[in-house]
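Have the model open and follow along.

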Amino acid sequence: MSLVYAGVLSHAPGITGRADLVKNVARRDEFYRMLDHQREEIEASGAEALVVIAAEHFANFFMNNMPAFCIGMSDAYEGPIEDPGWLKIARTRVPGNADLSKRVITAVMQTVDCAYAEEWKFDHGIMVPLHFLTPRYDMAVIPANINCQGPPLTPLARAWAFGEALRRACDAQPEKIALVGTGGISHWPATPDSGKINEAWDREFLDHLMAQDRDALMRYDDDVQTYRDAGQGGFEIRTYLAAAAAAGGPGELQYYTAELPIFAVGCTVARFAID
Amino acid sequence: MSLYQLQKFLYVLNREPAAQRRYRDDLDGLIADYELTDEEARALRDGDIGLLYVLGVNGQILMHYAAFLGIAWFDYLDFMREGIERHGPVRAGVYAMTGGGASFTEEEGAR
């Protein structure tokens with residue numbers, strides 16, 4: 001069929017793991033309702049599979065063999081890799097679709113060099129989104145990863161090209177496919193600065209993203225601007241770029257708040273028109 | 001400096017149940033499998049989050065390790081700050097402390 005849904009959402013582990021520490025309960029529940037709404041939109045699209053473009057955190061890939069891009073190709077995955085009590089998500093098997101993955105990977109590789117993996121242990125970067133989007137684990141998931149962690153990182157322009165390649169690959173399949181990009185915008189996770197958020201930077205980036213302003217998005221510079229103003233967590237914007245590129249149409253920012261710093265990220269939900 | 005080996009130790013530990021069993025049953029033997037400095041080996045033997053942070057272990061790897069050790073969230077943040085106080089700034093990588101040790105959440109301040 002084709003790509004039938006494209007969006008982005010946050011994935012920080014605190015979103016589930018530190019839910020019970022939150023003081024601003026009203027804001028937390030508002031964010032959760034928007035994630036639930038995103039689930040409803042994906043279900044209403046008729047999607048039979050969900051591509052999750054993630055920024056993995058050394059659950060599978062290490063500096064001995066770090067792919068710029070990788071897509072999973074298995075009928076089942078497992079996660080979370082983290083202590084389930086810490087993430088507050090039970091360890092489980094997540095359904096995949098190896099046949100569909102193989103077809104998508106084959107198509108992507110026509111234009112973007114991409115690794116594949118028949119084993120993949122999900123960390124919070126995928127498990128937190130699935131906790132909200134496919135809470136019954138009843139939709140086939142195709143994990144896709146962009147190297148946002150181990151420099152040299154995947155260049156932004158290549159992340160955009162990866163999204164475009166995924167779009168062509170999805171459109172060539174008979175199945176209805178949804179796609180989400182999941183990462184943080186400005187944040188300083190896993191440091192003593194956890195909870196620091198640059199809201200102005202986030203909103204400007206999201207404005208560019210929703211407008212599909214590729215030129216502006218390509219000007220973000222990792223080593224200077226992004227690292228200084230958005231932290232090393234800002235490197236994960238690659239997942240959002242890929243999702244926007246896959247969609248092609250304008251975005252609608254459905255939710256953003258910087259008022260949940262205990263989650264260590266500006267909490268975001270958005271969808272794009274498929275164009 | 002063998003930060004690569006140090007991080008690989010933790011990467012394997014974080015994802016492999018067999019390594020986690022060996023960590024609990026034969027930590028010295030597991031450490032001996034990696035080419036580590038005495039300081040790095042000591043940090044692992046002691047579960048010294050602060051020193052591992054200063055040595056430059058990637059924050060995501062370190063966070064998963066802290067979760068494996070059962071360290072509560074705010075204690076984990078404190079351990080990193082204490083590491084800076086004892087050993088100086090982060091020596092490598094992109095997970096440096098930039099906020100001067102301040103807390104950025106009302107929840108941490110209110111505990």
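This is a predicted model: local features need pLDDT of at least 70, side-chain atom pairs count only at pLDDT 80 or more; totals for chains, interfaces and linings use all residues.

## The largest pocket

Start with the largest pocket, which holds about 300 Å³ of space. Its lining is made up of 17 residues, and those closest to the centre are Ile81(A), Glu82(A), Arg91(A), Asn14(B) and Gln20(B).

Several elements each supply at least two lining residues: strand E4 (76–79) of chain A, plus helix H1 (3–15), helix H2 (17–25) and helix H6 (59–68) of chain B. By residue type, the lining of the largest pocket splits into 7 charged, 6 nonpolar and 4 polar.

## The second largest pocket

Next up is the second largest pocket, with a volume of about 160 Å³. Among the residues lining it are Pro151(A), Pro152(A), Tyr227(A), Phe235(A), Arg238(A) and, from the other chain, Val94(B).

Helix H9 (residues 222–230) of chain A gives the largest share of this lining, 3 residues. The lining of the second largest pocket counts 8 nonpolar, 3 charged and 1 polar.

## Ser10(A)

Now for a single residue. Ser10(A) sits in the loop between strand E1 (2–9) and helix H1 (14–17) of chain A. Is Ser10(A) buried or exposed? Ser10(A) is buried, because its relative accessible area is 2%, and the cut-off for buried is under 20%.

Beyond its neighbours within four places in sequence, Ser10(A) is in contact with residues including Phe31(A), Pro129(A), Thr182(A), Tyr240(A) and Cys267(A).

Key:
Residues are numbered from 1 along each chain as its sequence is written. Chains are lettered from A and ligands numbered from 1 in the order in which they are written. Side-chain values use heavy atoms; hydrogens and water are left out. On a 1 Å grid over the protein atoms alone, a cavity is a set of points where a 1.4 Å probe fits but cannot get out, and a pocket is an open set with protein on both sides within 12 Å along at least five of seven lines; lining residues have an atom within 4 Å of a point. Grid points are joined across faces, edges and corners, and a volume is the space filled by probe spheres set on the points. Helices (H or I, at least four residues) and strands (E, at least two) are DSSP runs, numbered from the N terminus. Ala, Val, Leu, Ile, Met, Phe, Trp, Tyr, Cys and Pro count as nonpolar, Asp, Glu, Lys and Arg as charged, and the others, Gly among them, as polar. Buried means under 20% relative accessible area, exposed over 50%, partly exposed in between (1.4 Å probe, protein chains only). Contact means heavy atoms within 4.5 Å.
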